[in-house]
Amino acid sequence: MVLRRSLLGVLTIVLIAILVYVATLVLPGDAATAILGQTATPARIRLLRHQLGLDAPVITRFLHWAWHALRGDFGDSLSLRAPVTSLVGIRLANSAVLVAVVAAVSTGLGIVGGSLAALRRDGWLDSLASLLALASSALPEFVVAVFVVMLLAVNVLHVFPAISLLPPGSFILSAVSKLVLPVITLVIVVTPYAFRMSRAAMIEALDSDYVEFAKLKGVPLPRILFVHALPNACAPIVQVVGLNLLYLAGGIVLVETVFDYPGIGQMLVQAIDNRDVPMIQFIVLALAVFCVGLNILTDVCVQLLSPRKRFPRF
Amino acid sequence: MPDQHGSTAPGRVRGGRLARAIRRALRTRRGRIGLALTLLVVAVAFIGPLIPGPSPTALRTLPFAAPGHGHGLFGSDDLGRDVLARVLHGGRRLLLLALASTVLAIGLGAVAGVVAAYRGGWVDALVMRLVDVLLGVPQLVFVLVLVSMVGPAVWLVILGVGLSHAPQVARVARAAAQDVTERDYVRAVAAWGVPARTVIRRHVLPSLVTPLMVEFGLKLSFAIILIAGLSFLGLGTQLPNPDWGVMINENRVGMSSNPWAVLAPAILLALLALGVNTLADAVARANLPAAVAEDAAMQLLATESPVTDPGEPDAEVWA
């Protein structure tokens with residue numbers, strides 16, 4: 001299964017690479033005009049197009065690009081005049097930190113909240129949390145970001161910096177306070193799914209015969225929760241963590257832009273503004289690889305965690 | 001007898017199913033709250049431009065003037081334009097774009113899903129592979145790259161958002177259609193020599209109405225979020241036309257002097273997203289079995305893992 005999924009994954013990535021390459025080719029006023037500006041003479045533009053290799057046939061350029069990309073060379077950024085991979089490195093790390101922190105916090109909150117809500121089903125805590133979850137999952141992330149900034153940075157309290165601007169090339173962990181608001185925003189948007197999924201999975205586990213039996217036997221409640229119920233609720237929870245990470249791959253674009261957070265999401269928006277084709281190609285492809293890989297990993301984990309799927313015919 | 005009424009009966013059934021599904025949702029409190037919120041924002045967006053008042057693009061006062069003192073109910077924005085006027089004019093386009101792209105997504109997805117389910121074989125494999133490819137890129141990134149190609153053209157935003165939402169609709173439609181095409185009576189009709197088009201129209205499509213309507217509600221709420229996000233990034237709109245997403249971005253810098261320039265469009269967007277989402281949720285809960293409805297709501301997460309896809313023979317290699 002792993003092998004089959006991996007092959008399909010590779011095929012998907014190749015198709016996405018072609019799609020990305022073709023899509024970025026159609027950008028109006030190609031890189032040469034973007035670099036030289038609107039006032040450049042046609043002769044100079046033609047010269048630069050030739051220097052950049054923009055006048056070769058599409059297939060040649062794609063194969064050339066793909067061959068170099070396979071060896072980790074995605075070309076030079078057109079607007080920043082440096083290899084894409086070296087420019088992206090630290091930003092990739094910054095985005096990874098953001099996504100990892102958000103995933104950890106939201107999963108923890110979701111599981112604890114979901115378990116408590118499942119335990120006291122239809123109590124006030126459950127109703128309140130379910131309502132909050134419904135509300136916050138419906139909101140667009142940049143609207144949440146605006147509310148968070150108003151509340152914690154600009155209008156009501158002045159606790160955290162409203163934007164996460166850093167000197168170019170610095171790592172976000174060198175200024176942790178600038179991580180706070182983007183994390184809070186994404187946690188608000190993402191936690192509801194972890195919460196809803198954990199709640200549903202825990203309710204199913206708690207209603208089962210084995211939990212009933214453990215209760216009758218007099219097993220203390222924490223032990224029932226953590227030893228009997230939680231492991232059986234694991235598969236759906238892993239699934240929702242995977243889905244959350246997938247969502248974050250797209251969600252960081254807007255949130256990083258709102259906060260001027262130095263990650264690849266903001267860099268993608270800048271690259272699109274600058275018509276910086278190699279940069280767009282690399283970032284989109286990186287996000288696609290992340291998504292496809294994550295999908296496979298999630299599936300494998302779910303299979304490993306649910307015996308019924310592992311041995312379907314018993 | 002069926003021949004006499006054949007052309008009208010499916011339409012009647014479909015209309016009946018739609019009306020019944022909506023009525024069922026509106027009987028719940030959740031459904032009524034969702035509808036009320038949605039209608040409120042829709043009213044602002046469509047009646048707003050008709051209300052006489054200052055022009056939404058006229059430069060009137062100093063930038064970021066606080067409300068009151070002749071600066072209007074919500075003050076002025078980054079260029080000294082009237083925030084109230086811009087709020088009233090800034091929603092219609094978003095709603096129309098969201099509606100159009102959702103219709104496109106449902107149409108494309110339903111056709112792809114039904115064809116895949118009905119034909120099976122390599123057509124099915126091809127369509128589903130395409131679905132996986134489209135789901136491999138985050139939706140916002142997909143539309144972002146597409147829209148940045150040609151610029152802020154309306155048709156491109158509709159096409160991009162529609163295309164990015166169609167794959168999931170195709171999965172739902174395929175699962176539902178597969179369910180029907182495997183029934184004996186449908187097989188019997190097909191074996192009889194009735195053309196595929198007629199079989200699909202008369203026997204497969206009617207049973208897709210309810211799941212597709214649930215999809216429509218969900219996809220509409222995603223489309224609103226996606227299009228608002230695009231215009232926040234400055235794509236898909238034409239300056240200086242007012243737009244709620246654009247307003248939030250333009251006026252962020254002046255949040256401390258006139259928060260209303262950001263707060264007013266943000267609140268309207270929030271209410272709209274909440275309303276449509278709540279309504280869609282109510283429709284799903286009222287018309288689908290509980291487990292499926294929960295699944296449908298979880299789709300908010302953009303990409304669905306194939307584990308939940310009943311068509312995927314999961315564990316074959318483990319066995």
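Mentor: Start with helices: helices (H or I, at least four residues) and strands (E, at least two) are DSSP runs, numbered from the N terminus. Phe282(A), for example, lies in helix α13 (residues 277–305) of chain A. This is a predicted model, in which local features need pLDDT of at least 70, side-chain atom pairs count only at pLDDT 80 or more, and totals for chains, interfaces and linings use all residues. Residues are numbered from 1 along each chain as its sequence is written, while chains are lettered from A and ligands numbered from 1 in the order in which they are written.

Trainee: Why is Phe282(A) called buried?

Mentor: A residue is buried if 20 or more other C-beta atoms lie within 10 Å of its own, exposed if 12 or fewer, and partly exposed in between, with C-beta atoms placed from the backbone. Phe282(A) has 26 other C-beta atoms within 10 Å, so it is buried.

Trainee: Which residues is Phe282(A) in contact with, leaving aside its neighbours within four places in sequence?

Mentor: Two residues are in contact if their C-beta atoms, placed from the backbone, lie within 7 Å. On that criterion the partners of Phe282(A) are Phe74(A), Val84(A) and Val88(A). Separately, Tyr21(A) is 261 residues away from Phe282(A) in sequence and 9.9 Å away in space, C-alpha to C-alpha.

Trainee: What makes helix α12 (residues 264–273) of chain A largely enclosed?

Mentor: In α12(A), 8 of the 10 residues are buried, so the rest of the structure largely encloses this helix. Among the buried ones are Ile264(A), Met267(A), Leu268(A) and Ile272(A). After α12(A) comes Arg275(A), with a positive phi near 55°.

Trainee: How do the axes of helix α5 (residues 84–119) and helix α11 (residues 234–259) of chain A cross?

Mentor: Axes are lines fitted to C-alpha atoms, for helices over the stretch in contact, and angles run from 0 to 180 degrees between N-to-C directions. The axes of α5(A) and α11(A) come within 10 Å and cross at roughly 140°. The contact includes Leu98(A) and Val102(A) of α5(A), and Leu245(A) and Leu248(A) of α11(A). Its residues divide into 10 nonpolar, 4 polar and no charged. Here Ala, Val, Leu, Ile, Met, Phe, Trp, Tyr, Cys and Pro count as nonpolar, Asp, Glu, Lys and Arg as charged, and the others, Gly among them, as polar.

Trainee: What makes a set of residues a nonpolar core?

Mentor: They must be buried Ala, Val, Leu, Ile, Met, Phe, Trp, Tyr and Cys residues joined through C-beta atoms within 7 Å. The largest such core has 178 residues, and those with the most contacts inside it include Ile283(A), Ala173(B) and Ile224(B). Helix α13 (residues 260–287) of chain B gives the most to this core, 18 residues.

Trainee: How many helices and strands does chain B have?

Mentor: Chain B has 14 helices and 0 strands. Of its 319 residues, 52% are buried.

Trainee: How confident is the predictor in chain B?

Mentor: pLDDT is the predictor's confidence in each residue, from 0 to 100. Chain B averages 75, and 81% of the residues score at least 70. Over residues 1–13 of chain B the pLDDT is below 50, and over residues 299–319 of chain B it stays under 50. Where pLDDT is low, the predicted coordinates should not be read in detail.
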